[in-house]
Every structure is written in C-alpha cells, then in structure tokens.
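Welcome, and take a moment to look over the sequence and the model before reading on. The paragraphs below will walk you through it step by step.

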Amino acid sequence: MDTNGNLYTFIYASVLVIVVAAALSFTALKLQPIQNMNVKNEKMQNILASVHIESTAKTANNVFEKYITKSFVVNSKGEEIKGKAAFDINLKQEYKKDTEQRELPLYEATLEDGTIKLIIPLTGKGLWGPIWGYVALESDMNTLYGAVFDHKGETPGLGADINKDWFQKPFTGKTIFEDGKLIGIRVHKGGKGAALAANDTEHGVDAISGGTITSKALEAMIFDCISSYKTYLENNKK
Amino acid sequence: MSTKTLKLLSDPLNLNNPITVQVLGICSALAVTVKLEPAVVMSLSVLFVLAFANVIISLLRNTIPSRIRIIVQLVVIAALVIIVDQVLKAYSYEVSKQLSVFVGLIITNCILMGRLEAFALGNKPWPSFLDGVGNAAGYSIILIIVAFFRELFGSGSIWGIQIIPDSFYDFGYVNNGLMILPPMALIIVAIIIWVQRSKTRELIETN
C-alpha cells in the first residue's frame with residue numbers, strides 16, 4: 001500500500017487524532033471524580049494544618065468535621081452572608097470582583113483545649129503560577145496561630161520551599177496589626193536571621209534566599225487577602 | 001538475552017549516553033536537578049513514556065506516512081504523558097504535584113523524539129522497548145548524579161533530609177548558591193563528560 005499518498009495521509013491523521021482524543025477524554029472523564037476528591041481532601045488537610053492538626057488524605061474528612069466547627073461567608077463590611085457554603089467558594093474568582101461584591105469564606109476551628117481559631121484562606125500570584133495558603137488567627141484577631149502555604153509551580157529548592165515547615169513555622173506568634181493599622185507579615189530578604197537583623201521580630205519572618213520574588217509575592221498575598229477581612233477582624237476581636 | 005539485545009540496554013549507559021555523548025535532553029537536566037526527588041520522579045516518568053512510546057511507534061512503523069511521522073510521534077508522546085499525568089492525579093496525588101511542572105518538559109525532551117526517529121521507526125517492538133529502557137536509564141543516571149551534587153552543596157541536604165550538620169553552619173559554612181542556579185548543572189555535566197572521556201578512550205576523537 002502507498003503510505004505516502006495524500007488521501008492515505010489525510011485518513012491516517014484523522015483516525016489517529018480521533019482515536020487519541022477519544023482515549024484522552026475517556027481517561028479524563030473516568031478519573032475526574034477521584035481527582036476532585038483528592039483536591040477536596042487536600043484543601044481540608046491544608047485548612048487543618050493551619051491550626052497544627054495533622055491528617056492524611058483518608059482521615060481528612062472526619063478530622064475536618066470534628067475540628068472545623070463553623071464555616072461561613074462574610075462580605076467586605078464584615079457582615080455574614082447567609083445561605084452560602086464557604087468550602088465551595090472559588091476564592092480566585094472572588095478576588096477578581098470589586099471589593100464590595102466579594103463573598104469571603106471563613107472557617108472556625110475549635111481545638112482540644114476549647115480555644116477557637118479563625119482561619120482565613122489566601123490566594124495570590126507567585127513567580128511562575130498561583131500560590132495559596134491559610135492563616136489561623138488567635139481570638140484577638142491579631143496574633144497568628146499558624147500558617148500554611150502551597151504553590152503550583154515555584155522553583156524547586158527556592159520559591160517552592162514556601163510549603164516547607166521551616167518556612168511556615170516562624171509565622172506562628174507574629175502579629176498583623178500595629179497600633180490598629182493592618183501591616184500583615186513582612187518577609188525579610190537575606191536568608192536566615194534577616195528578620196532579626198532588621199529588628200522586626202513582631203511582624204517579620206525570613207525570606208527564602210534565592211526565592212525573593214516568591215517570598216515577596218507571599219507577603220503581598222497575605223496583606224491583600226487579610227485587608228478584605230479587615231472590618232470583620234476589627235469588629236470581632238476579643 | 002543475546003549480546004546484541006544486551007547492548008541495547010548497556011550502550012546508552014556509557015558509550016552512547018544520551019546526555020554526555022549525544023548531548024540530548026540537556027534542557028531538562030538543567031531544570032529538574034536542583035533536588036534529588038524531582039530528578040528521580042522525572043527519570044521514572046521518562047522511563048515509562050519513552051519505553052511505551054518506542055513500542056507504540058514501532059508497532060505503527062509500517063503504517064506511518066513519512067511526511068507526517070514527526071507529528072504522529074508527538075501525538076503519541078503527548079497522549080502518553082497526559083494519560084500518565086491523569087492517572088497519577090487520581091491515584092498518586094502527591095507524586096503528581098511533584099511532576100506537574102515537568103510534564104511539558106517530558107513532551108519536549110529531545111531524547112524521546114530522537115529515539116523514536118532513530119530507532120523505533122526502523123526496529124521491531126521488543127528491541128525498541130529495550131532501547132527505550134536503556135536510554136531512559138542512561139538519562140536517569142546522569143540526572144541523579146547531577147541532582148545529588150547540586151542538592152548536597154546547594155541545599156546541604158539529600159532527598160530533603162539535612163546532611164550537613166548545623167555545627168558546620170555555626171562555623172561559617174554557607175550553602176553554595178551557584179549550585180542551585182542552572183549554570184552549575186552544565187558545569188557538573190561537563191565534569192561528568194570529562195571523567196567519562198578520560199576513562200573511556202574510544203570516546204576521544206582522533207583528530
């Protein structure tokens with residue numbers, strides 16, 4: 001058979017493309033429910049990690065229901081919006097809207113010792129793609145109880161380290177307000193001990209050396225996202 | 001296994017190594033060797049994709065119109081990579097997060113196109129499979145050696161576990177920032193080529 005004829009080439013290309021397309025859509029459709037489940041479990045694990053509760057993909061659902069006692073949605077004026085499921089809100093879409101229109105999700109975790117922590121979800125842009133995270137606040141709505149961050153594709157060994165424990169741990173105990181003014185968390189360039197050297201132990205943490213752009217993006221993400229919740233935080237501090 | 005089939009596996013490890021002798025796949029050798037773990041994940045993915053792409057192209061080799069053979073090869077590679085990615089996303093979510101950045105890199109990896117074009121198009125499925133495994137292994141060895149040194153001197157750790165003790169840092173030891181940057185991957189690959197050539201005489205050109 002002449003495999004170089006025009007007709008043969010056309011038919012060959014069409015059949016190949018259709019077969020491959022069918023195989024790919026079949027795989028994607030078949031696997032989608034499991035993939036969505038993974039994404040959902042990971043979100044729960046992240047939320048729990050911000051209040052220092054470990055969970056695995058298998059236990060995430062149960063642990064989440066045990067500790068996360070309340071999830072609700074507020075607007076930029078700090079008023080609760082009824083009838084919305086906080087967990088299903090697409091944060092990225094909300095931040096594209098005007099400040100007044102945003103529906104902002106919040107979670108409350110009740111820990112073993114009975115204290116209640118407020119968890120704020122964050123989303124932002126890193127160097128190569130999206131970064132996101134959760135910060136948990138003490139009931140004074142000022143002191144960080146914990147923080148987790150993750151990213152889609154930051155540089156391995158540099159910016160990608162924002163999801164590592166050593167980077168996240170120093171956030172605990174830092175405060176986000178100074179004399180009633182929101183300043184967020186400052187990320188200091190210069191590697192280990194940079195925040196100490198800059199004399200900023202109240203609001204500052206060390207940036208990742210070599211990962212400055214990601215670190216700065218993270219700083220901006222924390223400030224921008226918490227700003228949206230500012231009124232709520234001011235109204236609810238104890 | 002005859003010597004001929006064995007050579008398909010062993011040649012790419014040394015005498016015909018895709019990275020150090022053919023200088024293919026350098027791009028991903030720069031990108032994924034900052035840490036050992038992604039380097040190993042990348043190696044395994046390339047092994048899987050290259051072995052199966054070789055077999056598929058070899059099975060189709062007599063039917064592929066030669067004018068569109070490159071496109072056919074690309075479609076096969078891309079489809080395999082996407083399927084691997086989807087399956088990992090469903091059943092091994094953690095690994096898939098590691099891999100996500102490198103999926104595009106596998107598709108554009110010169111070794112894949114090189115082997116499909118040079119070997120699978122003209123050989124039977126079984127030798128093609130061995131050729132794929134051999135070349136992926138040759139690629140992996142270099143990747144893992146480079147990543148080992150870059151992570152050790154660049155981050156002071158191996159597989160994410162700190163190796164260089166804190167007391168060294170207290171005495172003023174500093175991680176080498178250059179190790180993390182792409183140029184250092186090239187320098188390490190060059191050192192490997194140097195060592196390999198001084199050990200293997202037949203690689204040295206006569207002129």
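This is a predicted model: local features need pLDDT of at least 70, side-chain atom pairs count only at pLDDT 80 or more; totals for chains, interfaces and linings use all residues.

Residues are numbered from 1 along each chain as its sequence is written, chains are lettered from A and ligands numbered from 1 in the order in which they are written, and side-chain values use heavy atoms, with hydrogens and water left out.

Helices (H or I, at least four residues) and strands (E, at least two) are DSSP runs, numbered from the N terminus.

Which strands pair with β5(A)? One is β4(A) (residues 116-125), antiparallel to β5(A) over eight bridges; two strands pair if DSSP finds at least two bridges between them. A:Leu122 has A:Gly133 of β5(A) as its bridge partner, and a hairpin with four residues between the strands is formed by β4(A) and β5(A). Another is β6(A) (residues 144-151), which runs antiparallel to β5(A) and is joined to it by seven bridges. There, A:Trp132 stands opposite A:Asp150 of β6(A). β5(A) and β6(A) also form a hairpin, with six residues between them, and A:Met141 in the turn has a positive phi of about 55 degrees.

Elsewhere in chain A, look for strand β1 (residues 68-74), which is joined by six bridges to the antiparallel strand β3 (residues 104-110). A:Val73 is found opposite A:Pro105 of β3(A). Two bridges also link β1(A) to strand β2 (residues 80-81), again antiparallel, with A:Val74 opposite A:Glu80. The hairpin of β1(A) and β2(A) has five residues between the strands, and A:Gly78 in its turn has a positive phi of about 85 degrees.

Now for two single residues. A:Glu234 lies in helix α7 (residues 230-236) of chain A and counts as partly exposed because its relative accessibility is 33%. Apart from neighbours within four places in sequence, A:Glu234 is in contact (heavy atoms within 4.5 Å) with A:Phe177 and A:Gly180. In chain B, B:Asn135 belongs to helix α8 (residues 125-155), and its 2% relative accessibility is why B:Asn135 counts as buried. Leaving aside neighbours within four places in sequence, its contacts are B:Pro12, B:Pro18, B:Leu50, B:Ile111 and B:Arg115.

Finally, turn to the meeting of the two chains, where 26 residues from chain B and 26 residues from chain A take part in the contact. Together chain B and chain A bury about 2,200 Å², with 64% of it on carbon and sulfur atoms; buried area is the accessible area (1.4 Å probe) that two parts lose on being put together, summed over both. Across this interface the rule finds zero salt bridges, a salt bridge being a side-chain nitrogen of Lys or Arg within 4 Å of a carboxyl oxygen of Asp or Glu.

Key: Buried means under 20% relative accessible area, exposed over 50%, partly exposed in between (1.4 Å probe, protein chains only).
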